[in-house]
Amino acid sequence: MDITPSESPADSGLPKFWDQIFLLFLACVIGLVAWIGVIEYREGHKTESIKRHGEAWGEFFKGNSAKRTEPDYSIEACAAKENGSATWGDCYQALVAPGGPMDGLENPFFKTPQKLAQKCDTNDRSTVGALVLEKLTPLPLGSAVPIAVSAIESGDRIDKKLQIRVSVCDKFSSPIVIGEFQF
């Protein structure tokens with residue numbers, strides 16, 4: 001019996017057809033993951049910008065709480081005077097007016113001036129990137145709930161100190177609570 005080795009084709013070292021298809025699929029998946037990463041980074045940056053705006057409002061409230069009761073307070077519409085008729089609507093307009101301390105804050109999601117909303121509503125896409133300011137009113141001792149939370153209305157008087165909760169709405173219109181400040 002004579003055994004002769006069978007001739008096998010020489011391997012060129014290049015990937016076969018199905019190997020090339022797999023490598024192409026792998027490259028597409030890596031590109032897709034990178035593209036999604038870039039999109040999510042941009043969305044995260046927008047959310048962080050909105051949080052910084054809420055923090056700016058909080059810092060303003062914290063820094064001006066004591067100053068606002070002084071007779072020579074620089075923002076007349078926000079001054080807390082005993083016989084004053086200052087309202088939140090007038091104060092807000094003075095704060096966001098050109099040259100005001102909160103002028104230039106822009107909603108990064110829509111590239112429009114940041115607006116004030118009553119609440120973050122996941123069913124209302126117009127609240128994305130909005131600022132929510134709520135007044136916290138203490139209730140009498142012994143109440144089941146220690147404070148009442150309500151939106152600040154433009155006609156609310158601000159002649160006394162207010163406890164304010166600052167929140168912002170994220171890209172899904174869910175609230176991000178920044179903090180509670182006295183103003």
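Cys 120 lies in the loop between strand E3 (116-117) and strand E4 (131-138), and Cys 169 in strand E6, so the pair ties together parts that are 49 residues apart in sequence. The two sulfur atoms are 2.0 Å apart; a disulfide is here a pair of cysteine sulfur atoms within 2.5 Å. The model is predicted, so local features need pLDDT of at least 70 and side-chain atom pairs count only at pLDDT 80 or more, while totals for chains, interfaces and linings use all residues. Residues are numbered from 1 along each chain as its sequence is written, and side-chain values use heavy atoms, with hydrogens and water left out.

Buried means under 20% relative accessible area, exposed over 50%, and partly exposed in between, with a 1.4 Å probe and protein chains only.

The structure holds two disulfides. The other is formed by Cys 78 and Cys 91, whose sulfur atoms are 1.9 Å apart. With 100° about the S-S bond, the link of Cys 78 and Cys 91 is right-handed. Cys 78 belongs to the loop between helix H1 (17-64) and helix H2 (88-96), and Cys 91 to helix H2, so this pair ties together parts that are 13 residues apart in sequence. Cys 78 is buried, with a relative accessible area of 0%, and Cys 91 is buried, also with 0%. Counting bonded cysteines along the chain, the disulfides follow the pattern 1-2, 3-4. A further cysteine, Cys 28, is partly exposed, with a relative accessible area of 49%.

The protein chain has two helices and seven strands, and from the N terminus on its elements run α-α-β-β-β-β-β-β-β. Helices (H or I, at least four residues) and strands (E, at least two) are DSSP runs, numbered from the N terminus.

Strand E6, which carries Cys 169, spans residues 163-169 and pairs in the antiparallel sense with strand E7 (residues 175-182) over seven bridges. Two strands pair if DSSP finds at least two bridges between them. Within this pairing, Ser 167 stands opposite Val 177 in E7. The hairpin of E6 and E7 has five residues between the strands, and there Ser 173 takes a positive phi near 65°. Ser 173 counts as buried, at 0% relative accessibility.

Lys 111 also has a positive phi, near 55°, in a residue other than glycine. Most residues other than glycine have a negative phi. Lys 111 is found in the loop between strand E1 (106-107) and strand E2 (112-113). Lys 111 is exposed, with a relative accessible area of 58%, whereas Ser 173 is buried.

The interior is described through its nonpolar cores, each a set of buried Ala, Val, Leu, Ile, Met, Phe, Trp, Tyr and Cys residues joined through side-chain atoms within 4.5 Å. The largest nonpolar core has 27 residues, of which Trp 57, Phe 61, Trp 88, Leu 95 and Leu 133 touch the most other members. H1, H2, E4 and E6 are the elements that give two or more residues to this core. Apart from it lies another core, of five residues, among them Ala 117, Cys 120, Val 132 and Cys 169.

Leaving aside neighbours within four places in sequence, Phe 61 is in contact with Trp 88, Leu 133, Ile 164, Val 166, Phe 181, Gln 182 and Phe 183, where contact means heavy atoms within 4.5 Å.

Over the protein chain, residues 24 or more positions apart account for 54% of the contacts with a separation of 6 or more. Buried residues make up 33% of the 183 residues. The accessible surface comes to about 12100 Å², of which 59% belongs to carbon and sulfur atoms; accessible areas come from the Shrake-Rupley method with a 1.4 Å probe, and for residues only the protein chains shown count as cover.

As to overall dimensions, the protein chain has a radius of gyration of 29 Å, whereas a compact globule of 183 residues would have one near 16 Å. The radius is taken over C-alpha atoms, and the globule rule is 2.2 Å times the number of residues to the power 0.38. The C-alpha atoms fill a box of roughly 120 × 45 × 25 Å, taken along the principal axes.
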